[in-house]
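Me: I have a model open and would like to learn how to read its features. Could you walk me through it?

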2 protein chains.
Amino acid sequence: MTFPPEQDRLRAQLTFAVEIDKLRRVVRRNTLLDGSRRENDAEHSWYVGMLAMILAEHAPPGTDLDRVIAMLLVHDIVEIDAGDTFIYDDGAVEAQLGIEREAADRIFGLLPGDQAERLRALWDEFEERKTPEAKFAKALDRIAPIMANHHNEGGTWSLFKVTAEQVLEKVKIIEEGSPTLGSYAVEIIELSVSRGHLARA
Amino acid sequence: MTFPPEQDRLRAQLTFAVEIDKLRRVVRRNTLLDGSRRENDAEHSWYVGMLAMILAEHAPPGTDLDRVIAMLLVHDIVEIDAGDTFIYDDGAVEAQLGIEREAADRIFGLLPGDQAERLRALWDEFEERKTPEAKFAKALDRIAPIMANHHNEGGTWSLFKVTAEQVLEKVKIIEEGSPTLGSYAVEIIELSVSRGHLARA
């Protein structure tokens, strides 16, 4: 396709649009709520974006929910290059950081400069988890698999031999983003333990 | 799960969250850009939300992009009950309207009243296509499959014997939401015709 010079921005945006279609082919450990198959990063990103919309009132007052949603739509795009990391694999999570930063440079760098900067800033904010928006976004990203495993008689917890103590350790991140959702996560984890779907160490 | 009365809102929100997970199982006619499989409604909703973010400048000045994104995340949820309709099947599109309205009543009605109203209003706005936000959202929803078919040597066009004239008829809706994207759509349709991937009537 040839574009006149003034359409250089559109061309760059479409190149990025073609690239991010690949996020649909990045498969995560977690499954759909019915356990029928593993989820991909694109549909996961939609799901947590919807969670932000419907659980908005459980974020701290003043949280900019539109930024939370934008952050969640963008948060996994680096996995087109870097792949999914299982959060209970601590070594892999550490090694992944550098790879994800290179992926962010390459993929967001396909966009016109101002947009590349904006999306990169959203991703950095999410990863740094310092703002209320990033903390709430991360809380939703973490609670989604807990909800799935709870609905799923243990799901990836039993499959990958994750213990209640490991899951509760990750719940701290949910509590930091939303105390209400943190309490809810603890409640369903305890319920999963009592039903024998999640083992204690 | 039992909740104290003050958590009734959270319980309703979580019921809705469980319900909308099913959108991942609604399969559309259109495929991924690489043609490897048909897409589902959840990942499609993520994709058009991302298109809104990166193609924002091609919306009319003053368009509220955050509302466009919210509308796109929500726009296909009714298909959990109603299923996907192929836009070139005019009879089905007509019959679908009543079914989709009932689906909207049931599914958005799972949320607390104020949220049910808000999401229903977003969906109605999208369907009515009167505001600049709804027109732009619909333009993105329509351009995504054209991009996919173009990348895909005709894709669903050749599969379902759709003609260039039928596709160009649908492009009017893209032009109404964004003249720039409308011109781009016409350009790739003509390119697809010249490559023999889209037949004239």
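Reply: Happy to! At the start of helix 3 of chain B, a side-chain oxygen of Asp64(B) comes to within 3.1 Å of the backbone nitrogen of Asp66(B). Helices here are DSSP runs of H or I with at least four residues, strands are runs of E with at least two, and both are numbered from the N terminus. The model is predicted, so to speak of local features we need pLDDT of at least 70, and side-chain atom pairs count only at pLDDT 80 or more, while totals for chains, interfaces and linings use all residues. Residues are numbered from 1 along each chain as its sequence is written, chains are lettered from A and ligands numbered from 1 in the order in which they are written, and side-chain values use heavy atoms, with hydrogens and water left out.

Me: How many residues of helix 3 of chain B are buried?

Reply: Buried means under 20% relative accessible area, exposed over 50%, and partly exposed in between (1.4 Å probe, protein chains only). In helix 3 of chain B, 8 of the 10 residues are buried, among them Leu65(B), Val68(B) and Ile69(B). These buried residues pack against helix 2 (41-54) and helix 3 (65-74) of chain A, together with helix 2, helix 5 (90-108), helix 6 and helix 7 of chain B.

Me: How many residues does each chain give to the contact?

Reply: Contact means heavy atoms within 4.5 Å. Chain B gives 56 residues and chain A gives 55 residues.

Me: And what is the count of salt bridges between chain B and chain A?

Reply: A salt bridge puts a side-chain nitrogen of Lys or Arg within 4 Å of a carboxyl oxygen of Asp or Glu. The count between the two chains is 6. One of the salt bridges joins the side chains of Arg9(A) and Glu57(B) (2.7 Å, N to O).

Me: Which rotation superposes chain B on chain A?

Reply: Two copies of a chain are related by a rotation about an axis and a shift along it. The superposition is by least squares on the C-alpha atoms of residues with pLDDT of at least 70 in both copies. Here a rotation of 180 degrees with 0.0 Å of shift along its axis superposes chain B on chain A (RMSD 0.0 Å). The two copies are therefore related as by a two-fold rotation axis.

Me: What should I look for in phi?

Reply: Most residues other than glycine have a negative phi. Arg129(B), however, has a positive phi near 55 degrees; Arg129(B) sits in the loop between helix 6 and helix 7 of chain B and is partly exposed, at 23% relative accessible area.

Note on methods: Polar contact = N/O pair within 3.5 Å; in protein donor to acceptor, adjacent residues only side chain to side chain.
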